[in-house]
Amino acid sequence: MRSYRELFRAPEFPPFLLTFAAFSAAQTIGALALGTLVYRLTGSPLLSAVSMFGPQLAQVLGATLLLSGADRLPPRATLTGMGLGYAAVTAALALPGLPVAAVFGVVVLQGLIASLGGGVRGGLLNEILSKDGYLLGRSVFNMANGLMQVTGFAAGGALLTVLSPRSCLLLAAALYTASALGTRFGLTARPPRTAGRPSVAATWRTNALLWSSRPRRLTYLGLWVPNGLVVGCDSLYVSYDPRAAGVLFACGALGMFAGDVAVGRFVPPALRPRLDVPLRLLLAAPYLVFALHPPVGLAAVCVTVAAVGFAASLVLQERLMSLTPDELSGHALGLHSAGMLTMQGVGATLAGSVAQLTSPASAMTLVAGASLAVTLALAVAARRERRATAPAQPQAPTPTPASAPAKR
């Protein structure tokens, strides 16, 4: 499967993509509205950042307790229930007079609901598409996510100039409901991929199995840590410039879209494995410019260029699938998604804490530097792993020296 035409001819791929796009747009509008609401209530960069990315931080609980359900629950029913659950808790965030502490309680609940989403969607994509179509399909999902973020942040920023944050949260709840209905009536009911009931014990066993392989561990860390630290930079857009936050988020989404198109469609398969480290370095390096407190125009350029580096996740996901048995693909992708989103929450909390003590621009610079250091350390570790596991090259036999002439 090498073309978009073939991809969209796959049964159920178009409705699956559309329901995901609606869900992504709802997340984008809802996160911006909630971050703005909390910042207006508290004036705190830390609380604003955590409110936007707190659901990701809460996913660590789902990864340790619920993730076995990614392969053991029927995918259509699970995704439908997730959409309706998100609609309910997002509508709850719009209640007038809701205390800030209660807001963060609801944010944790959002994270628990979302913890199965990445695994269920990733496993279902593997079923809908053939094996050779996964990367192209995954890149289209990332592009749709990027487009919805461009549209959602731009529309959300515009809506927040004429509507209250609570009204925007209700709009997000309506989009979650539409996504749930599209999933229920647009996809075929499928049985679970793996037999057995979801349980905490099964989650722990499979997590341990996946984590036991050093190549998989390095792949997971590459997917989680540099990405999460850079999202910490993203979480400070509201406090860096509240009026331009929607523009910066939209520029970041545009860069993500460009990177996914380039890597997913145009980069030859033989070249892709060599790009993960350069892309991860690109992801963080432009944020070093924020040490100079750039104006909005230059900041938007830096954000756009940096976001191209998010395409490294496509390369690393492809590597992860090559290292994972098919029957564990949903759980493996769910662990990736939960770990990545958890690290994004950690990155947002770390960046917000540093910004609270210094400034948003200084925090972006420091967190970006940490991301660069982690990427370089993981690259060294991966090189050593390849050398350690490479088969020894047979040595050519040493020629036997000619015999000395006999003395008479």
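The questions and answers below concern this predicted model.

Q: What is the relative orientation of helix α11 and helix α18, parallel or antiparallel?
A: Helix α11 (residues 214-234) and helix α18 (residues 360-389) pack with their axes 8 Å apart, at an angle of about 170°. Angles over 145 degrees count as roughly antiparallel. Therefore α11 is, relative to α18, roughly antiparallel.

Q: Which helix supplies the largest share of the lining of the second largest pocket?
A: The second largest pocket has a volume of about 380 Å³. Of the 20 residues that line this pocket, D276, R319, A382, R383 and R386 are the closest to its centre. At least two lining residues come from each of α11, α14 (276-284), α16 (312-322) and α18. The largest share, 7 residues, is supplied by α18.

Q: How many charged residues are in the lining of the second largest pocket?
A: The lining of the second largest pocket has 9 nonpolar and 4 polar residues. Its number of charged residues is 7.

Q: Is R217 buried, partly exposed or exposed?
A: R217 is found in helix α11, and its relative accessible area is 25%. Buried means under 20% and exposed means over 50%. R217 is therefore partly exposed.

Technical notes
Residues are numbered from 1 along each chain as its sequence is written. This is a predicted model: local features need pLDDT of at least 70, side-chain atom pairs count only at pLDDT 80 or more; totals for chains, interfaces and linings use all residues. Side-chain values use heavy atoms; hydrogens and water are left out. Axes are lines fitted to C-alpha atoms, for helices over the stretch in contact, and angles run from 0 to 180 degrees between N-to-C directions. Helices (H or I, at least four residues) and strands (E, at least two) are DSSP runs, numbered from the N terminus. Angles under 35 degrees count as roughly parallel, over 145 as roughly antiparallel, 65 to 115 as roughly perpendicular and the rest as oblique. On a 1 Å grid over the protein atoms alone, a cavity is a set of points where a 1.4 Å probe fits but cannot get out, and a pocket is an open set with protein on both sides within 12 Å along at least five of seven lines; lining residues have an atom within 4 Å of a point. Grid points are joined across faces, edges and corners, and a volume is the space filled by probe spheres set on the points. Ala, Val, Leu, Ile, Met, Phe, Trp, Tyr, Cys and Pro count as nonpolar, Asp, Glu, Lys and Arg as charged, and the others, Gly among them, as polar. Buried means under 20% relative accessible area, exposed over 50%, partly exposed in between (1.4 Å probe, protein chains only).
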